[in-house]
Amino acid sequence: MNLGFKFLCHAETKRLISLLGLIVVIVLVVQFSELPYSEFVTSLAGKITSFSMDASMVDSKLEGNIDNTHPNGSTPASQLDQDRSSLVHNNGNGSSINSAPSNHAPAPQSMVALSNQTSLNSETDSTSPMMSVMSNSSLAKKDTTKGESSGSLLGNNSKVGNGKYVTKKNPKGKPSKVVSISDMNLLLQQSHDSSQLVKPTRSSAVDQEILHARSEIENAPIITNDSRLYPPLYRNVSMFKRSYELMEKMLKVYIYKDGDRPIFHEPLLDGIYASEGWFMKLMEENKHFVTQDPELAHLFYIPFSSRLLQLTIYVRNSHNRSNLIQYMAKHVDMIAGKYPFWSRTDGADHFVVACHDWAPAETRGRILNCIRALCNADIEVGFKIGKDVSLPETYIRSPNNPAKNIGGNPPSERPILAFFAGGLHGYVRPTLLNHWENKESDMKISGPLPHVKGNANYIELMKSSKFCICARGHEVNSPRVVEAIFHECVPVIISDNFIPPLFEVLNWESFAVFVAEKDIPNLRSILLSISEEKYLEMHKRVKKVQKHFVWHYKPVKYDLFHMLLHSIWYNRLFRISHS
């Protein structure tokens with residue numbers, strides 16, 4: 001019996017080894033094939049070999065731009081060893097949030113953790129304990145760049161036999177109409193024309209203050225010398241300075257306390273969607289602008305997180321965002337019914353700040369009438385120049401030090417003409433690589449870089465380049481715009497219909513280059529046509545504009561918190577008529 005038992009064990013062991021070998025062979029074959037499901041099978045293989053991973057992660061790559069990695073598209077191997085525990089949100093009283101509308105089942109708690117697991121950012125340089133607003137730190141730490149691919153799979157694209165990149169899945173096509181930057185400038189001017197403005201429905205003290213402030217701005221004294229404001233950076237430095245002064249002196253914001261956590265009142269402070277979280281945190285903590293008396297308010301803030309709305313109630317693999325839209329619509333209906341303030345202006349003096357790609361859809365319906373500060377500032381999806389505000393997408397790696405690593409080499413130590421590295425999601429980036437990868441020695445254009453701690457290689461290439469290519473992915477916005485400014489690299493924006501951040505105030509053409517998507521084949525000649533003298537001036541302006549894009553734990557004059565609030569204030573002033 002003992003001999004027979006040993007023989008049986010030996011036979012079963014050989015069968016098991018053969019089976020495992022067969023699985024490995026199949027995985028390797030599929031990995032290097034062009035099958036559209038290679039990511040799925042590779043992900044499945046990872047589950048077999050690691051055992052510690054949640055089985056539901058098999059589908060983690062099938063939701064398009066829900067996936068996240070580093071801006072350069074690389075995936076840290078150590079990420080797969082991170083904690084997989086589920087994240088349970090509650091409303092502060094210990095009870096679960098009823099996050100989905102009645103005709104939709106609430107998303108399971110494991111979905112929230114799963115979405116975090118697909119956000120492949122292992123580098124958080126934070127070592128000290130975070131404040132209470134970071135109760136969702138496991139979300140924030142792993143939340144990085146949407147749509148970026150891992151490893152060699154290069155997003156939704158791959159090379160074919162002729163060496164060209166092709167898009168396997170294009171969730172969003174080219175815009176039906178392209179609006180140039182000069183046309184955007186004209187639209188801004190037209191939107192602030194008095195013939196296009198809304199007349200106040202009541203003659204309140206607040207309305208009179210707004211009209212007085214607008215008159216003061218329109219008749220602002222000419223600035224001849226201000227050491228803190230460099231005139232070429234602004235559309236009209238005199239109007240900006242006067243508007244900013246009046247904001248500091250007059251502006252009062254009422255913040256609605258309604259809404260359950262985590263969707264409301266719970267800021268995420270790192271990752272690529274951090275802008276909405278930082279503004280929420282700083283606004284709710286603010287004592288200067290915030291008023292507890294809504295009758296004194298010039299603006300009303302609805303503090304929701306578009307990222308946490310997606311993580312909390314989106315039903316994975318449903319490809320249906322209607323429950324997110326309905327959730328926000330019901331919330332605004334509740335506010336409009338509970339308080340009289342919305343109906344006074346039909347929401348024109350209300351605002352939201354939202355950075356997730358889906359925010360334009362989440363703020364449809366009656367919310368469309370309020371001021372929307374959006375990272376996805378795309379004319380094609382309903383962004384209204386002069387009413388809405390383009391929110392900078394700031395990729396925060398270290399919440400304890402959001403200004404970390406700012407700075408770059410002087411112009412004389414920037415041998416690279418143009419730099420881009422990243423995942424190839426969307427239709428623009430494969431075109432960029434097809435034309436410029438490995439074509440010219442001074443054009444460093446590639447897919448994802450190998451992962452290095454702190455993204456050191458990516459940052460060093462930005463610091464060593466004259467121009468940094470900010471090419472759109474699935475959506476028009478990219479954290480590369482702000483990253484380029486941080487590293488003193490002149491941004492080259494290749495994203496048709498993207499309204500650049502703080503558009504109401506900044507003269508973007510003075511410190512950035514705009515290249516139409518159709519002109520990618522001419523990219524190098526366009527950059528070489530910029531004289532050395534002009535480049536040096538642009539580099540100088542990029543350094544001077546940096547301060548407007550930085551978050552601080554305690555806001556300082558002209559930083560991003562104040563600039564964003566100012567753009568919201570400014571657009572509100574210029575949406576109300578004198579007559």
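Guide: Helices of at least four residues and strands of at least two are DSSP runs, numbered from the N terminus. With those labels, Pro262 falls in the loop that separates strand E5 (253-255) from helix H8 (274-285). The peptide bond between Arg261 and Pro262 is cis, with omega at about 5°.

The model is a predicted one, and its average pLDDT is 79, with 70% of the residues scoring at least 70. Residues 30-69 stay under 50 in pLDDT, and the model gives them 90 contacts beyond four places in sequence. Residues 74-145 are also below 50, with 190 contacts in the model beyond near neighbours in sequence.

The part to look at closely is the open sheet. Five strands form it, and reading across gives E11-E10-E12-E13-E14, with parallel pairing. Its edges are strand E11 (443-446) and strand E14 (513-514), each of which pairs on one side only. Ile493 has Phe514 of E14 as its bridge partner.

Helix H13 (residues 428-436) lies across strand E10 (416-421), E11, strand E12 (465-471) and E13, and it runs at about 135° to E11. Helix H17 (residues 532-545) lies across E12, E13 and E14, at about 95° to E13.

The loop between strand E9 (389-390) and E10 contains Asn405. Asn405 is not a glycine, yet its phi is positive, at about 70°.

Elsewhere in the chain, helix H6 (residues 205-218) packs with helix H7 (residues 237-250): their axes come within 8 Å and cross at roughly 150°. Angles over 145 degrees count as roughly antiparallel, so H6 is roughly antiparallel to H7. The crossing of H6 and H7 is right-handed. On the H6 side the contact is made by Glu209, Ala213, Glu216, Ile217 and Glu218, and on the H7 side by Met239, Arg242, Ser243, Leu246 and Met250. Sorted by class, the contact of H6 with H7 has 5 nonpolar, 1 polar and 4 charged residues.

Key. Residues numbered from 1 in each chain as written. Predicted model: local features only at pLDDT ≥ 70, side-chain atom pairs only at ≥ 80, totals over all residues. Heavy atoms only, no water. Axes fitted to C-alpha atoms, helices over the stretch in contact; angles between N-to-C directions. Parallel < 35°, antiparallel > 145°, perpendicular 65-115°, else oblique. Left-handed = near helix turned anticlockwise from the far one by under 90°. Contact = heavy atoms within 4.5 Å. Nonpolar A, V, L, I, M, F, W, Y, C, P; charged D, E, K, R; others polar. Pairing = 2+ DSSP bridges. pLDDT = per-residue confidence, 0-100.
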